[in-house]
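This report takes one protein model and describes parts of it in turn. Look at the sequence and the structure first, then read on.

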Amino acid sequence: MARIAVIPGDGIGIDVTAEAVKVMKALAAARRIPLELVLFPHGAQHYLDTGVSFPDSVLDDIRQHYDAVFLGALGDPRIPDMSNARDILFGLRFGLDLFINFRPVKLLDERLSPLKGRGPADLDLVVFRENTEGHYVHMGGIFKKGTPDEIAINEDVNTRKGVERIIRAAFEYARDHGRPSLTMSDKSNALRFAHDLWQRTFIEVSREYPSIEPRHLYIDALAMQLIKNPGQFHVIVTCNLFGDIITDLGAALQGGLGMAASGNIHPGRVSMFEPVHGSAPKYAGKDTANPIGAILTAQMLLEQVGFAKEAKVIEEAVRAALQSGRATKDVGGSLGTRATGDAIALEVERLSA
Ligand code: NAD
Ligand code: IPM
Ligand code: MN
């Protein structure tokens, strides 16, 4: 039995999670997968109603009694400082030590490519974003706030252990999935201390994986090359902040933020899966958000909890829906969020029969 904690969260997170759950249930029924989905209320509305954000007891419960977490998205304009969203998102990422942010960038349909003349053969890479360090550690502070002498500091924390484990995970993925190269991207020409550590660690670890070509690009050059010739990349490893930025760029290459899936993973432990996009408050509850990123995220979750073979049909079902225009407007279809989820769930049932 796989027990999944489902946190729809805020905004369109709620809309797309309903469709991901629909597809997971359809697959579980068709392939007799023992799956228990438990809804968690934590998000902006729950916080505003009860004052409860994301207590340690919830994290402990998840750690002890669940196999994975599905998260919709977080962020609500009624809580402008995002404190509640950060409690949940970083509570899970840091609290469960989910050091791999695994973000595939794959073009599923030629018509979705924003790049002239590029098709699915030119875009199939995976970004390994470091997920527990860097600028995200919340170390620093503000001094003399609101005065002309104000000082604001966010430290960029990089440890040998943290850098090594994400680089190693990326090499292992490349080796195990027949990907010929791994590109490490940093800004070591400017950030002489922290990113020198990335350089040295990458070179050292690369010697243990002689079958993988180690490549290096500064992050600005990587952004340019991703647009110019994305087909040259197979796996990319980078720090937390750069990984955040280039995976939005990657999402645009896939057909938009609504298409991109991600996993926050610590191999062998309870991991968390969420689409790359945010809560897009403007579109919340309007039945327009694209649920495909969330649905592909559900596939990734099911693969992680032991149902890789069964979950493969989800991508096939998504391709079929896209090809026949049974998808939302942002990806050339004519359906709403719910009807897109229905179409993909139906296709999953058909393909699993
Ligand atoms: P966003 O990803 O929510 O939306 C940006 C734009 O992308 C939208 O206006 C829309 O045009 C498009 N888009 C996003 N998801 C889509 C979908 N499923 N279907 C169709 N179009 C889609 O980013 P934002 O506007 O910068 O952030 C809104 C809130 O979400 C903020 O509070 C932000 O902090 C938060 N956020 C949360 C997460 C997360 O929970 N993992 C991720 C990113 C942003
Ligand atoms: C993401 C998001 C988050 C991040 C925000 C909401 C803090 O942009 O998951 O990509 O920066 O990690
Ligand atoms: Mn982001």
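The model is predicted.

**Helix H5**

Helix H5 runs over residues 160-176. H5 has 17 residues, and the distance from its first C-alpha to its last is 24 Å, close to the 24 Å expected at 1.5 Å a residue. The buried residues in H5 are Gly-162, Val-163, Arg-165, Ile-166, Ile-167, Ala-169, Ala-170, Phe-171, Tyr-173 and Ala-174. An α-helix has 3.6 residues a turn, so residues three or four places apart point the same way. The cover over the buried residues of H5 includes strand S4 (100-106), along with S5, S8, H6, S9 and S10. After H5 comes Gly-178, which has a positive phi near 60°.

Leaving aside residues up to four places away in sequence, Arg-165 touches Asp-97, Phe-99, Thr-132 and His-266. With one of these, Thr-132, the side chain of Arg-165 makes a polar contact of 3.2 Å.

**Helix H6**

Helix H6 spans residues 194-206. H6 has 13 residues and reaches 19 Å between its first and last C-alpha, close to the 18 Å expected at 1.5 Å a residue. Its buried residues are Ala-194, His-195, Leu-197, Trp-198, Gln-199, Thr-201, Phe-202, Val-205 and Ser-206.

His-195 lies in H6. His-195 counts as buried because its relative accessibility is 1%. Not counting residues up to four places away in sequence, His-195 touches Asp-156, Asn-158, Asp-186, Lys-187, Ser-188, Cys-239 and Phe-242.

**The two ligands**

How many residues surround ligand 1? There are 18, and the closest are Leu-74, Glu-274, Gly-278, Ala-280 and Asn-290. The shell around ligand 1 is made up of 10 nonpolar, 6 polar and 2 charged residues. Ligand 2 is surrounded by Leu-89, Phe-90, Arg-93, Arg-103, Arg-129, Tyr-136 and Asp-244.

| Residue | Part of the residue | Ligand atom | Distance |
|---|---|---|---|
| Leu-74 | backbone | oxygen of ligand 1 | 2.9 Å |
| Glu-274 | side chain | nitrogen of ligand 1 | 2.9 Å |
| Asn-290 | backbone | nitrogen of ligand 1 | 2.8 Å |
| Arg-129 | side chain | oxygen of ligand 2 | 2.8 Å |
| Tyr-136 | side chain | oxygen of ligand 2 | 2.6 Å |
| Asp-244 | side chain | oxygen of ligand 2 | 2.9 Å |

On its own, ligand 1 has 810 Å² of accessible area, and the protein covers 65% of that area. For ligand 2, the accessible area on its own is 320 Å², of which the protein covers 73%.

Key: Residues are numbered from 1 along each chain as its sequence is written. Chains are lettered from A and ligands numbered from 1 in the order in which they are written. This is a predicted model: local features need pLDDT of at least 70, side-chain atom pairs count only at pLDDT 80 or more; totals for chains, interfaces and linings use all residues. Side-chain values use heavy atoms; hydrogens and water are left out. Helices (H or I, at least four residues) and strands (E, at least two) are DSSP runs, numbered from the N terminus. Buried means under 20% relative accessible area, exposed over 50%, partly exposed in between (1.4 Å probe, protein chains only). Contact means heavy atoms within 4.5 Å. The expected span of a helix is 1.5 Å times one less than its number of residues. A residue is near a molecule or strand if one of its heavy atoms lies within 4 Å of it. A polar contact is a pair of N or O atoms within 3.5 Å; within protein, one must be able to donate a hydrogen and the other to accept it, and residues adjacent in sequence count only if both atoms are side-chain atoms. Accessible areas come from the Shrake-Rupley method with a 1.4 Å probe; for residues, only the protein chains shown count as cover. Ala, Val, Leu, Ile, Met, Phe, Trp, Tyr, Cys and Pro count as nonpolar, Asp, Glu, Lys and Arg as charged, and the others, Gly among them, as polar.
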